[in-house]
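Colleague: I am new to reading protein models, and I would like to learn how to go from the picture to a careful description. Could we take the features one at a time?

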Amino acid sequence: MTSHHWNPQGPSGMPHHRYRSAFDRVPVAEIDREWPRNRITQAPLWVPVDLRDGNQALAEPMDPARKRRFFELMVSIGYKEIEVGYPSASQTDFDFVRLLAESRLVPEDVTVVVFTPARRDLIERTFESIAGLDRVVVHMYTPTAPLWRDAVLRAERDELRELIRRAGADVLRCGADRPGIRYEFSPEVFNLTEPDFALEVCNAMIDLWDACPERPVIINLPATVEVATPNVYADQIEHASKNLDRREDVILSVHPHNDRGTGVACAELAVLAGAQRVEGCLFGNGERTGNVDLVTLALNLYSQGVDPMIDFSDVDAIHDTVVHCNRIGVHERHPYAGEYVYTAFSGTHQDAIRKGFQRHAVRAKEAGVPESQARWEVPYLPIDPHDVGRDYEAVIRVNSQSGKGGIAYLMRTEHGLELPRGLQAEFARVVQRHTDETGTEVDADTLWKLFSAAYLEDPEPAVELVGWSVEHVPSGDRLTATLRTKDETTTHEVTAEGAVSALVLMLAQHGREVEIVNLIQQSIEPGRSARAATYLEYRTNSGTAWSVGIDVSTTAASLRAVLAAA
Ligand SMILES: CC(=O)SCCNC(=O)CCNC(=O)[C@H](O)C(C)(C)COP(=O)(O)OP(=O)(O)OC[C@H]1O[C@@H](n2cnc3c(N)ncnc32)[C@H](O)[C@@H]1OP(=O)(O)O
Ligand SMILES: CC(C)C(=O)C(=O)O
Ligand SMILES: [Mg+2]
């Protein structure tokens, strides 16, 4: 790339010459690609591999109780094909498959998948584990990419072709007379395998296992290690989809990992390119940077109006179970499920979200549908947090980046107060001072403390209203009030056009002038102890300021606001 005056970046000094482009590592077949024009209109078959690929990547693999809990979770939210382990790898994996076989944990419409390398003893052990299970996919894999052939298997193509054929035949022999068993083959690191060789070994399995409508064969094409931009994987998948034999009787599956952080993109583009089945893990656990995240994939579809066919309506419960089983956390920014993903701290975002909620409520009313059913269009929130069981209350949080909108939102949702616009701006300055000083987030309680200190009656007031009554008389309202100051307690009677004006006159007689500019009364929603709030804007030497009164009655709230101003 030529350098430009607007781009002053220089060489990093890192030894980038040690690496090669994916295009120099694997031939990518030329295709007349169709995937960029396609759309995803239905969910693929999701196959969680947490209990195998996810589990093999854990420092502490799941114990039987964790495996069981994870399995039950996956069944309960709607997965129908679940990879449950690598039974020849460990006694724990073997025993878990036996538990499934000997219990009623596998519903009639769920198929379990067991994973095996292409070695006779391990294949036989795998079949031993599934005795008694009615619906099973036996998933066999071998490395096929040149580096793996060379470094790991030390086998040429011919040798490997023969190894695969022999192992495929072993699988077939062990599965004979078991009509509920289907077969899956994975050429490991498909994305770094020469396309002609990948097709050759896959087609050999399709033929050997006799793919047919009653017993389709699953061909799973893993991006075991991501090495290229997702469009390259999509091309590879489309090429395979168009060149696999008996395509109608093949279920084309993908298994992206996430080494470049583009596992989700790889899976989505692969589905555009013809993949019908996606293997991955919940929240993206798995080897190194993980397997593709099935939660993000499903909810990405949901956000486009496509039913993910998996129930994520309580994403926090799913999150908690997965974190418990894996003993690995989920990042605060993780799409759809992280702690912060439905939260805005920044002022303009909060303002937009608050207005968006209001607009949503109005539109739902106009359409005559509940808000939970109305079309979702709220700025900055791709989906309604409520749909995945998250609270609106957590949507807006306040720190030094926040503006009046977010603060007003919290005052309404947490404390029931609809602050007038002028008061919002003034209170935001109070909060800003606090957040600038402390550098911390302000929770609802602190917000209330700041608000009370700034606007409600002083707990040790100079003038206190210890008792009052109002009587309506022909010339207005007669206020009888007992006022207490530091020095004396006196009772007065003043008639004016209203109780508020009467109290203002009374205070003036005590040398405390309050000039009211604006007075706004608000009834507070049911369920709160106080039912009325009065917001009072009054004149000061330097402009205007606000005070607030809150009480069970409107008159009491207004009198309190006047006293707070005084
Ligand atoms: C991309 C993936 O995720 S693949 C799945 C990886 N998962 C795991 O490895 C977890 C479970 N694995 C295990 O517990 C063990 O590796 C076992 C039980 C399967 C095998 O253990 P061991 O017999 O001790 O073999 P080990 O793990 O040391 O080495 C692997 C051997 O299998 C060979 N091999 C690797 N993959 C395959 C395969 N798909 N099919 C046949 N042989 C294979 C290797 O070349 C190596 O052979 P060598 O010993 O002749 O050099
Ligand atoms: C599907 C298997 C072989 C796998 O986990 C991978 O290649 O990543
Ligand atoms: Mg994998």
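Colleague: Let me begin with strand pairing: which residue in S3 is the bridge partner of Gly 85?

Modeller: Please keep in mind that this is a predicted model. The bridge partner of Gly 85 in S3 is Val 114, and this pair belongs to a parallel pairing in which 4 bridges join strand S2 (residues 81-85) to S3. On to the next strand, S3 is joined to strand S4 (residues 136-143) by 6 bridges, again with the two running parallel, and there Pro 117 has Tyr 141 of S4 as its bridge partner.

Colleague: What do the helices H4 and H5 make together with these strands?

Modeller: Helix H4 (residues 91-102), with S2 and S3, makes a right-handed β-α-β unit, and helix H5 (residues 120-129) makes a right-handed β-α-β unit with S3 and S4.

Colleague: Why can strand S3 be called largely enclosed by the rest of the structure?

Modeller: The idea is to count neighbours, and a residue is called buried if 20 or more other C-beta atoms lie within 10 Å of its own. In S3 (residues 111-117), 5 of the 7 residues are buried, so the strand is largely enclosed by the rest of the structure.

Colleague: How many residues of helix H11 are buried, and what do they pack against?

Modeller: In a helix one thinks about direction, because an α-helix has 3.6 residues a turn and residues three or four places apart point the same way. For helix H11 (residues 294-302), 9 of the 9 residues are buried, so this helix too is largely enclosed by the rest of the structure. Among them are Leu 294, Thr 296 and Asn 300, and the buried residues of H11 pack against strand S1 (45-48), helix H10 (263-272) and strand S8 (277-280).

Colleague: Which residues surround ligand 2?

Modeller: The shell around ligand 2 holds Asp 53, Tyr 141, Ser 186, Glu 188, Asn 220, Pro 222, Thr 224, His 255 and His 257. Strand S5 (181-188) and strand S6 (217-223) are the elements that give two or more residues to this shell, whose residues divide into 2 nonpolar, 5 polar and 2 charged. Tyr 141, in the shell, is also the residue of S4 that has Pro 117 as its bridge partner.

Colleague: Finally, how many residues of domain 3 are in contact with domain 4?

Modeller: From domain 3 (398-457) to domain 4 (464-565), 11 residues of domain 3 are in contact with 15 residues of domain 4. On the domain 3 side, helix H15 (residues 421-438) gives the most, with 3 residues, and the residues of that side divide into 6 nonpolar, 2 polar and 3 charged.

Notes
Residues are numbered from 1 along each chain as its sequence is written. Chains are lettered from A and ligands numbered from 1 in the order in which they are written. This is a predicted model: local features need pLDDT of at least 70, side-chain atom pairs count only at pLDDT 80 or more; totals for chains, interfaces and linings use all residues. A residue is buried if 20 or more other C-beta atoms lie within 10 Å of its own, exposed if 12 or fewer, and partly exposed in between; C-beta atoms are placed from the backbone. Two strands pair if DSSP finds at least two bridges between them. A crossover is right-handed if, with the strands pointing away from the viewer, the path from the first strand over the helix to the second runs clockwise. Domain bounds come from an automatic or database domain assignment. Two residues are in contact if their C-beta atoms, placed from the backbone, lie within 7 Å. Ala, Val, Leu, Ile, Met, Phe, Trp, Tyr, Cys and Pro count as nonpolar, Asp, Glu, Lys and Arg as charged, and the others, Gly among them, as polar. A residue is near a molecule or strand if its C-beta atom, placed from the backbone, lies within 6 Å of it.
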